[in-house]
Amino acid sequence: MTAEAALSRIDPFPYQHRLSEVMTWPVECIEPDVTLAAAAAEMRRLNVSSLLAVDPGGRPVGLITERDILNAIVEAGAAALDLKVGTRMSSPVVSLPPDAFVFSALARMAQSGSRHLPVVDPVDGQALGIVTAGALLRLRAQRALALDGDIDTLSTAEDLGKVQARLPQIATGLQKEGIGARQIAAVISAVLRDISGRAAELAAESLEREGKKAPARWCYLLLGSGGRGESLLAADQDNALIHDGAEDDDPWFAELGKRASETLDKAGIPFCRGQVMAMNRNLRHNLKGWREEVAFWIQNPVPEALLNADIFYDFQPVAGDFALAAALRDAVTGLGQDPGFVRALSGTSARRGRALNIFGRFREQDGRADLKRGGLLPIVSGGRVLALRLGVKVTATPDRWRAAVEAGMVRQEDFARIDDAHEMILELILSQQIADLKGGRAPGSAVEVRRLLGLSRERLKQALRIVGEIDLILNHVLGP
């Protein structure tokens, strides 16, 4: 291996593990109005080198370390021990939610110069745990091919575009390290979520600079494959917005959606061809407006309404006040259990089209079979239907099918076959996208099946036959 090749290799650890797996918990906390003497005594008692300062609601407001206390004593002598923690702590602190990947924590700590990063609940901001640079390095030597710094600090569409442009390289490197396509899709989705969230924040900041303050709290939502954590290398925009304004819409929110989408387009994430973006009026509402919008879809399950619901129920918050997204999830989960609506939504799977013809041969166009339309979408749609029927709030496709197994709706052996098919189809699409990008061709979902070896072709056909059974499974679960 050449030196250049060795340096370009990706350590898969930061892309495989989330902060919930590596954080220390419960986190040791202290109030900011406690004296440094009391903080030092607490560190000694707990045998730790730092304490997280939190407000009465358990939300991090700062971090105090042994070094901070020593520096205070050097500067002010013994009298420093009577100072309050709040006067010497590092503040504000950067944080991440528990489902963030380790690579995001490494980038954020490097950018901020901090060796400690609190892990917080994204809805109420309470501290759940903490990760330290030392602990991460002990877990794995850091040689990851990092993204261009912390996305949260980037300030232009061009900067975001540089990160987005690195995704094929990251995906290729992880694939060479033997990481599965589903895990790679989760990494790609995590980056796209951060880019989308940052685009919304930049839009809000630009409006603020113009003297246009937000009229109410808001939350920017990522829909579709990004919300499910299953994006590959041909993702476009699918986003929406919820706010808590008295009126269902406001020009400020319209401009936020427009500027965010324009930034994403410049960053290499193109406008949605189906116009599923917060810049469009029907995808911006307060909670009452969203209830009415979803209720309309349910009461009028025409193809357009079903398509909207298909994408909408995958939503995840990426910027703004995440509590609004949690309230929205609570409000629409019950609505989505309507039997007639669930039955109508299940019918969309049967209309997706199949990747095999009646003779068991691939349906090809220009030597390629569309494995998204005839393979992925029935699995994804089936999982969504089951989740709605059950009233569960998870969005990842495997988690939705697994919930149906746990509820006794789907047999474990059926889930195992569908899950294997999902992983295989994702792998083939991703490999084709990487090959197409190397060859100067735009990535898509169609796979050149003739390049597959005989055994792989037969395995793919078997996977697609399993996909063809999903309608029967849904019919059995939902009844006549």
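I count two strands as paired if DSSP finds at least two bridges between them. Helices (H or I, at least four residues) and strands (E, at least two) are DSSP runs, numbered from the N terminus.

**Ground rules.** I am reading a predicted model, where local features need pLDDT of at least 70, side-chain atom pairs count only at pLDDT 80 or more, and totals for chains, interfaces and linings use all residues. Residues are numbered from 1 along each chain as its sequence is written, and side-chain values use heavy atoms, leaving out hydrogens and water.

**The sheet.** I looked up the strand order. 4 strands make an open, mixed sheet, running β8-β7-β6-β9. β8 (284–286) and β9 (316–320) are the edges; each has a single partner strand, so one side of each lacks a neighbour in the sheet. From one strand to the next, the twist averages 30 degrees.

I then checked one pair. β6 (residues 218–222) runs antiparallel to β9, over 4 bridges. Leucine 222 has glutamine 316 of β9 as its bridge partner.

**The helix on the sheet.** Helix α13 (residues 287–299) packs here, touching β7 (239–243) and β8. Contact means heavy atoms within 4.5 Å. The directions of α13 and β8 make about 115 degrees. Axes are lines fitted to C-alpha atoms, for helices over the stretch in contact, and angles run from 0 to 180 degrees between N-to-C directions.

**The lining.** I sorted the residues lining the second largest pocket: 18 are nonpolar, 13 polar and 14 charged. Ala, Val, Leu, Ile, Met, Phe, Trp, Tyr, Cys and Pro count as nonpolar, Asp, Glu, Lys and Arg as charged, and the others, Gly among them, as polar. A pocket is, on a 1 Å grid over the protein atoms alone, an open set of points where a 1.4 Å probe fits, with protein on both sides within 12 Å along at least five of seven lines; lining residues have an atom within 4 Å of a point.
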